[in-house]
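Subject: Structure for your review

Dear colleague,

Please find below the structure that I am handing over to you. My notes on it follow directly after.

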Amino acid sequence: MTPTEHQPTYTIGQAASMVNTTVKTLHLYDEIGLLRPSKRTEGGHRLYSAADLWTLELIGTLRYVNFSLEDIRKMISGELSMTEALNLQMH
């Protein structure tokens, strides 16, 4: 067994509740590739890890300060550094 097999996972409803967002938002993030859940059940249900929840918190914070989903995607993927993004935001 790998170490990730022992880590807890959360259903989409649990994850949405834990980060104070909606299931609809998590569906959107999955559809656009911003955040894909770490696992899926055999039936295709999304399961989120603790790392996924941290990423969701980051996305929520960046949305709160008016970053676009595209800029957030670039920051998460490493295409755009936080410093570069903040500089763009200020101009």
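Which residue stands opposite Arg46 in S3? The residue facing Arg46 is Arg40. Please bear in mind throughout that this is a predicted model.

**Overall architecture**

The protein chain contains five helices and three strands, and along the sequence these follow the pattern β-α-α-β-β-α-α-α. Taken along the principal axes, the C-alpha atoms fill a box of roughly 45 × 30 × 20 Å. Of the 91 residues in the protein chain, 26% are buried. Among contacts with a separation of 6 or more, 43% involve residues 24 or more positions apart.

**The sheet**

The three strands are arranged as an open sheet in the order S1-S3-S2, with antiparallel pairing. Strand S1 (10-11) and S2 are the edge strands, each of which pairs on one side only. Between S2 and S3, the antiparallel pairing runs over two bridges.

**Helix H2 and its surroundings**

Helix H2 spans residues 23-31, and its buried residues are Leu26, Tyr29 and Asp30. Viewed down the axis of H2, these buried residues fall within an arc of 100 degrees, so they line one face of the helix. Lys24 and Glu31, on the other side of H2, are exposed. The buried residues of H2 pack against helix H1 (12-18), strand S2 (39-40), strand S3 (46-48), helix H3 (50-64) and H4. After H2 comes Gly33, which has a positive phi, near 80 degrees.

**The salt bridges around Asp30**

The count of salt bridges comes to five. Asp30, Arg36, Arg40 and Arg46 are linked in a network of such bridges.

Asp30 forms a salt bridge with Arg40, in which the closest N and O atoms are 2.5 Å apart. This pair links distant parts of the chain, with Asp30 in helix H2 and Arg40 in strand S2, 10 residues apart. Arg40 counts as partly exposed, at 42% relative accessibility.

Asp30 also forms a salt bridge with Arg46, and here the closest N and O atoms are 2.8 Å apart. Because Asp30 lies in helix H2 and Arg46 in strand S3, the pair ties together parts that are 16 residues apart in sequence. Both Asp30 and Arg46 are buried.

Why does Asp30 count as buried? The relative accessibility of Asp30 is 3%, and the term buried applies under 20%. Leaving aside residues up to four places away in sequence, Asp30 touches Leu35, Arg36, Pro37, Arg40 and Arg46.

**Asp52 in helix H3**

Asp52 is located in helix H3 and is buried, with a relative accessible area of 7%. Not counting residues up to four places away in sequence, the residues that Asp52 touches are Leu35, Arg36, Pro37, Ser38 and Leu47. From Asp52 to Met75 the separation is 23 residues in sequence and 15 Å in space, C-alpha to C-alpha.

**Helix H4 and the surface**

In helix H4, Glu70 and Arg73 are three residues apart, which means that they are separated by about one helical turn. Glu70 forms a salt bridge with Arg73, the closest N and O atoms lying 2.6 Å apart. Glu70 counts as partly exposed at 39% relative accessibility, and Arg73 also counts as partly exposed, at 26%.

Ile76 is likewise found in helix H4 (residues 69-77). Ile76 is partly exposed, with a relative accessible area of 35%. Together with Leu58 and Met82, Ile76 forms a nonpolar patch on the surface, with about 220 Å² of accessible area in total.

**Two loop residues with positive phi**

Most residues other than glycine have a negative phi. Asn20, in the loop between H1 and H2, has a positive phi near 60 degrees. Asn20 is exposed, with a relative accessible area of 73%. Asn66, in the loop between H3 and H4, has a positive phi near 70 degrees. Asn66 is exposed as well, with a relative accessible area of 63%.

With kind regards

Terms used: Residues are numbered from 1 along each chain as its sequence is written. This is a predicted model: local features need pLDDT of at least 70, side-chain atom pairs count only at pLDDT 80 or more; totals for chains, interfaces and linings use all residues. Side-chain values use heavy atoms; hydrogens and water are left out. Patches are made of residues with over 30% relative accessible area and no salt bridge: like charges are joined within 9 Å, nonpolar side chains (Val, Leu, Ile, Met, Phe, Trp, Tyr) within 5 Å. Accessible areas come from the Shrake-Rupley method with a 1.4 Å probe; for residues, only the protein chains shown count as cover. A salt bridge is a side-chain nitrogen of Lys or Arg within 4 Å of a carboxyl oxygen of Asp or Glu. Helices (H or I, at least four residues) and strands (E, at least two) are DSSP runs, numbered from the N terminus. Buried means under 20% relative accessible area, exposed over 50%, partly exposed in between (1.4 Å probe, protein chains only). The arc is that of the directions from the helix axis to the C-beta atoms. Contact means heavy atoms within 4.5 Å. Two strands pair if DSSP finds at least two bridges between them.
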